[in-house]
Amino acid sequence: MTTDQSNQRDALFNRLQGCFLSGPKSNTLLGGRTEALRRLQSYDPASYGSTRNHINSNVSRLSPYLRHGMISLTEVRDHLRSKFPNDPARLEEFLRQLAWRDFFEKVLTWHGYGLDEDLEEPKHGVARSTRIPLDILKGETSLPCIDGMLDDLFENGYLHNHARLWFAAYLCHFRGVRWQEGARLFRQYLYDGDIASNSASWQWVESTFANKPYFMNKDNIANFSNGKWCNSCRANCPFDADYPTLQQRLFGGSIAPLMSQAPANVMPNENTLSTKNDIPDNIAPLPPSTDLVWVHDGAMSCADNYLALNPSAAVAFVFNEPELKAEPWAFHRLAFVADGIDDLFKYLPNATKVTLVGDPVERLTTLANKLGATTIHLSEHPNPWVINTTEQLQLNFRVIIHPRPKFAEYTLEPKRFSRYWDKVAKQVLGHRPKSSNKRHQ
Ligand SMILES: Cc1cc2nc3c(=O)[nH]c(=O)nc-3n(C[C@H](O)[C@H](O)[C@H](O)COP(=O)(O)OP(=O)(O)OC[C@H]3O[C@@H](n4cnc5c(N)ncnc54)[C@H](O)[C@@H]3O)c2cc1C
């Protein structure tokens with residue numbers, strides 16, 4: 001980073017005071033489409049199918065880039081299919097995992113803010129608390145595996161999928177905490193912190209979006225972590241039992257469903273409308289009938305139609321201050337997004353490009369009025385705050401929502417992945433699947 005860029009970054013984080021947790025780290029993940037493409041091009045999922053459940057397997061680590069739309073699911077699929085045209089078996093399991101992401105996005109599209117509440121009754125009757133115990137928040141549970149996972153979460157912003165499942169099962173079933181609290185912690189610290197894949201996966205573990213709760217035992221952790229923690233562990237291990245014993249211990253004979261206690265949705269609060277002065281005074285009005293393009297944090301790619309079709313529009317990214325104040329992100333997450341904005345703006349020919357901090361509706365309205373823009377473009381996205389913002393902008397502007405390329409066509413209610421996969425596998429893989437459905441995510 002040049003001194004100029006580093007000063008600009010400092011100024012941005014000054015404007016973001018109150019929106020982030022902890023501070024800069026030396027080993028942060030580089031955000032942006034350029035890095036996403038570099039990773040995709042060097043990735044070969046050769047051993048993925050047979051090893052993906054092991055925490056040291058050859059996973060792609062593409063999720064932070066997919067989450068922020070720096071690269072799309074269809075680009076990843078199409079690239080791999082054209083790179084390995086004669087080797088469908090090499091790709092099958094990896095493409096099936098991409099489909100899990102698409103499935104969860106469809107779940108979010110279907111339920112919107114409702115995904116923050118139990119989608120189904122839990123398949124057990126055990127009570128849940130609304131607080132994450134302090135030893136977990138401090139990463140000092142005295143269980144080396146769980147503390148190791150928490151260290152990865154807080155320090156590296158990444159957990160392998162299997163570790164996410166273990167931690168989620170630990171928090172919900174072994175410590176009796178509501179899944180929503182864990183999902184919030186993940187959103188704050190994971191580089192790929194998401195609504196769709198995150199909330200739906202937590203619900204899958206809790207059994208409010210699955211037919212039974214997911215939990216693991218010590219053998220499972222030891223086996224899929226190669227004994228990383230278990231070999232030298234002296235703790236009194238709560239996972240050290242066979243499955244029937246654990247099932248009895250965790251759920252007893254309970255079958256009575258528990259009523260959900262969903263939190264209020266985090267909605268932008270009108271009283272927190274920003275009065276920030278981050279729109280430059282000397283910003284020139286646009287020529288008549290020129291438009292404004294709103295880049296949100298789910299569509300940060302210069303290849304997206306909504307940007308490519310509007311090379312002379314003004315472009316604005318808005319950090320959603322009211323939401324970030326209600327649920328601050330780790331510094332590394334925001335830095336990743338800031339990298340993504342820098343990288344995006346570098347490749348856009350548009351003359352006017354601004355990064356704003358505040359309430360998105362207020363900031364975009366003020367900017368559009370100042371520029372004389374009457375039309376606002378954005379990329380379609382299922383995140384409820386994007387939909388909510390769009391609806392409010394539509395009251396004063398012509399808003400054009402550009403569709404994203406479809407990964408798979410599926411119009412039924414997305415209830416279970418197996419049903420969805422039965423219908424879409426051929427579209428995604430380009431042939432009928434060779435392996436059968438597996439329950440494990
Ligand atoms: C409790 C829990 C919470 C999760 N929270 C998130 C989250 O906030 N954001 C997020 O992007 N993913 C989340 N996942 C899904 C999954 O764990 C990550 O997408 C994956 O581990 C990312 O690593 P990767 O890119 O190396 O994956 P790879 O194994 O390389 O897989 C390739 C891509 O397939 C998709 N994918 C793989 N596994 C899954 C899965 N189980 N569900 C959905 N998509 C999948 C991802 O887009 C991933 O980038 C969560 C899973 C669990 C169990």
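**Exercise 1. Surroundings of G176**

Find the residues in contact with G176, leaving aside its neighbours within four places in sequence, and decide whether G176 is buried or exposed.

Solution. Step 1: with contact taken as heavy atoms within 4.5 Å, G176 touches A127, R128, S129 and L171. The model is predicted: local features need pLDDT of at least 70 and side-chain atom pairs count only at pLDDT 80 or more, while totals for chains, interfaces and linings use all residues. Residues are numbered from 1 along each chain as its sequence is written, and side-chain values use heavy atoms, with hydrogens and water left out.

Step 1: G176 sits in the loop between α9 and α10 (179–189). Helices (H or I, at least four residues) and strands (E, at least two) are DSSP runs, numbered from the N terminus.

Step 2: the relative accessible area of G176 is 16%, so G176 is buried. The classes are buried under 20% relative accessible area, exposed over 50% and partly exposed in between (1.4 Å probe, protein chains only).

Step 3: as a distance check, G176 and I341 are 39 Å apart in space, C-alpha to C-alpha, and 165 residues apart in sequence.

**Exercise 2. The open sheet**

In what order do the five strands of the open sheet lie, and which are the edge strands?

Solution. Step 1: the order is β5-β3-β2-β6-β7, with parallel pairing. Two strands pair if DSSP finds at least two bridges between them.

Step 1: β5 (353–358) and β7 each pair on one side only, which makes them the edge strands. Neighbouring strands of this sheet are turned against each other by 25° on average, direction ignored.

Step 2: β2 (residues 292–295) and β6 run parallel and are joined by two bridges. In this pair, V293 stands opposite H377 of β6.

Step 3: β6 (residues 375–379) and β7 (residues 398–402) pair in the parallel sense over five bridges. L378 has I401 as its bridge partner in β7.

**Exercise 3. Helices against the sheet**

Which strands do α17 and α18 cover, and which hand has the unit of β6, α18 and β7?

Solution. Step 1: α17 (residues 360–371) packs on the sheet and touches β2, β3 (314–320), β5 and β6. The direction of α17 makes about 160° with that of β3. Axes are lines fitted to C-alpha atoms, for helices over the stretch in contact, and angles run from 0 to 180 degrees between N-to-C directions.

Step 1: α18 lies across β2, β3, β6 and β7 and runs at about 160° to β2.

Step 2: β6, α18 (residues 384–393) and β7 form a right-handed β-α-β unit; with the strands pointing away from the viewer, the path from the first strand over the helix to the second runs clockwise.

**Exercise 4. Nonpolar cores**

How many residues has the largest nonpolar core, and which have the most contacts inside it?

Solution. Step 1: a nonpolar core is a set of buried Ala, Val, Leu, Ile, Met, Phe, Trp, Tyr and Cys residues joined through side-chain atoms within 4.5 Å. The largest has 112 residues, and L16, W166, F167, F319 and Y420 have the most contacts inside it.

Step 1: another core, of 22 residues, lies apart from the largest one and includes L356, V361, L364 and A368.

Step 2: leaving aside neighbours within four places in sequence, Y420 is in contact with A99, D102, F103, K106, F407, A408 and Y410.

**Exercise 5. Loop residues**

Are T290, S142 and N226 buried or exposed?

Solution. Step 1: T290, in the loop between α13 and β2, counts as buried at 10% relative accessibility. Not counting residues up to four places away in sequence, T290 touches S312, A313, A373 and T374.

Step 1: S142, in the loop between α7 (134–137) and α8 (144–156), counts as exposed at 57%. S142 has a positive phi of about 75° although it is not a glycine.

Step 2: N226, in the loop between α12 (218–224) and α13, counts as exposed at 54%. N226 is not a glycine, yet its phi is positive, about 55°.
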